Amino acid sequence: MTAVSPGARLTRGTHLGYATGSIGTAAFGTVPGLLLLYYLTDVLGVAAGIAGLVVFAPKAWDVLLNPWIGNRSDRTESRWGPRRPWMLAGGVTLPPLFVLVFAGPGAPPGVAAAWVAVTFLLAATAYGCFQVPYVAQPAEITDDPDERSALMSWRVAALAVGILLAGAGAPAVVDAFGGGRAGHLAMAVFVAALLALGMLGAVVGTRHAPTLTRVRSEGRLGDTVRLAWRSRPFRVLLTGFVVQALGIGVMLAGVPYFSEQVLGDPAAGTLLFAALVGPALLVMPLWLRVGRRVGKRAGLLTSSGLFTGAAGALAVVPTGGTGIAVALVVLVGAGYAGMQMFPLAMLPDVIAADEAASGARRAGVFTGVWTAAETLGLAVGPGLLGGLLAVAGYVSSTGGEVVAQPSGAVLAVRIGFTLVPALLVLVSLPVLARYRLDAVPTQEVP
């Protein structure tokens, strides 16, 4: 019997290598939520309700897939460690599949929607192969909570860069290539390059990272999922995070609609998105200091409160008030940065505490459940917005066709981009306030 000893501090190269993977996760986590619903309704002419279902259904598949991937990666033994073979499989297959999502037929709308649904399902499967083991790595490569926070700050900074490149770059590429199907296909190639760079970069960049938690892994998937859910800190953190992801998913999907229908400035979408993710690069060190001074939970509640207040204020931005909207979205983005960093830093702490108490390797299952729930929240967001627009009578269109929307649809866009995200994040605050993580002594393991 030997005790798990503290590992050497991670090298700067490992920090950078691991963080690189977030460029890929940012690209896939952002672009479909930002552009896919709009592509379906305003390029392919798919009805808003059906388009929302198309965006939602493939991601819902991850609820079943991701825990399975986590369980299998927990049980994987290879000279590359338990996680990197899965990360490689996802990094190789996702880029071409993402291009296929936007390479299908343009008509009739039913066939076009079916193509997007099937290819997006395959892409979501490939993404799960990378994302689940990638999120599990920090709990295994260091046993220092402060170093996990530092690692997460690197990751979230890279996440912000990836979101900025993908979120601002993707609409710019669409416009540069004339919009429509051709513009979206060119955008897909651009995003595929980001996916390959980030995901394969993480596989290479973490090749020297240690695996400190070489403890026994659990067998049955159902048993480990139930055990993960019994962890109160995990259950509380996950619930609050998913509710927040739902709000963020609604806001991301609403960017092009808000800029066009409320601000009357389609080009403002790129500015809004840059304002949403750009502040992360500046405020991340600040949130890291806040977390060290008052704790991660308090930091998460503070950043969430900032997001809620600024998002609610957006509801009264007047038509044509692009400058006011951008200023408020900068505040939203500052809060959003903390809402990303703190949960990602808290999750490895929860996993490490569980492994110290149980002697079982369940990091993959924890992250499988986590990513499945996060993906579902982000997928429900566009679906919720699509349903809201459908109820309000939003009129879909094809190509560059200009359609005058009824006043109810414009109001639905305004509410969907502002008040709905603000209320969802507000609802998460009492849940996250209950988060507690008791210190668990390191146990001896075989």
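Modeller: Buried means under 20% relative accessible area, exposed over 50% and partly exposed in between, with a 1.4 Å probe and protein chains only as cover; on that scale 58% of the 446 residues of the chain count as buried. The model is predicted, so local features need a pLDDT of at least 70 and side-chain atom pairs 80 or more, while totals for chains, interfaces and linings use all residues. Residues are numbered from 1 along each chain as its sequence is written, and side-chain values use heavy atoms, with hydrogens and water left out.

Colleague: Why is Ser304 called buried, and which residues does Ser304 touch?

Modeller: Ser304 has a relative accessibility of 0%, which is under the limit for buried, and therefore the word applies. The residue sits in helix H13 (residues 296–313), a helix being a DSSP run of H or I with at least four residues and a strand a run of E with at least two, numbered from the N terminus. Leaving out residues up to four places away in sequence, Ser304 touches Gln244, Met339, Val425 and Leu429, where contact means heavy atoms within 4.5 Å.

Colleague: What makes His15 buried or exposed?

Modeller: The relative accessible area of His15 is 8%, so His15 is buried. His15 belongs to helix H1, and beyond its neighbours within four places in sequence His15 is in contact with Leu10, Glu147, Leu151 and Trp154.

Colleague: How do you know whether Ala193 is buried, partly exposed or exposed?

Modeller: Ala193, in helix H8 (residues 180–205), has 47% relative accessibility, a value between the two limits, and so Ala193 counts as partly exposed.

Colleague: What makes the largest nonpolar core a core, and which members touch the most others?

Modeller: A nonpolar core is a set of buried Ala, Val, Leu, Ile, Met, Phe, Trp, Tyr and Cys residues joined through side-chain atoms within 4.5 Å. The largest such set has 123 residues, of which Leu36, Leu40, Phe98, Met187, Phe234 and Leu314 touch the most other members. Helix H14 gives the largest share, 16 residues. Met187, counted without residues up to four places away, touches Val31, Leu35, Phe98, Phe102, Ala170, Val173 and Val174. A second, separate core has five residues, among them Leu65, Trp86, Cys129 and Val132.

Colleague: What is the make-up of the lining of the largest cavity by class?

Modeller: That lining has eleven nonpolar, six polar and three charged residues; Ala, Val, Leu, Ile, Met, Phe, Trp, Tyr, Cys and Pro count as nonpolar, Asp, Glu, Lys and Arg as charged, and the others, Gly among them, as polar. The second largest cavity holds about 70 Å³, and its lining includes Gly29, Lys59, Phe120 and Leu378.

Conventions: On a 1 Å grid over the protein atoms alone, a cavity is a set of points where a 1.4 Å probe fits but cannot get out, and a pocket is an open set with protein on both sides within 12 Å along at least five of seven lines; lining residues have an atom within 4 Å of a point. Grid points are joined across faces, edges and corners, and a volume is the space filled by probe spheres set on the points.
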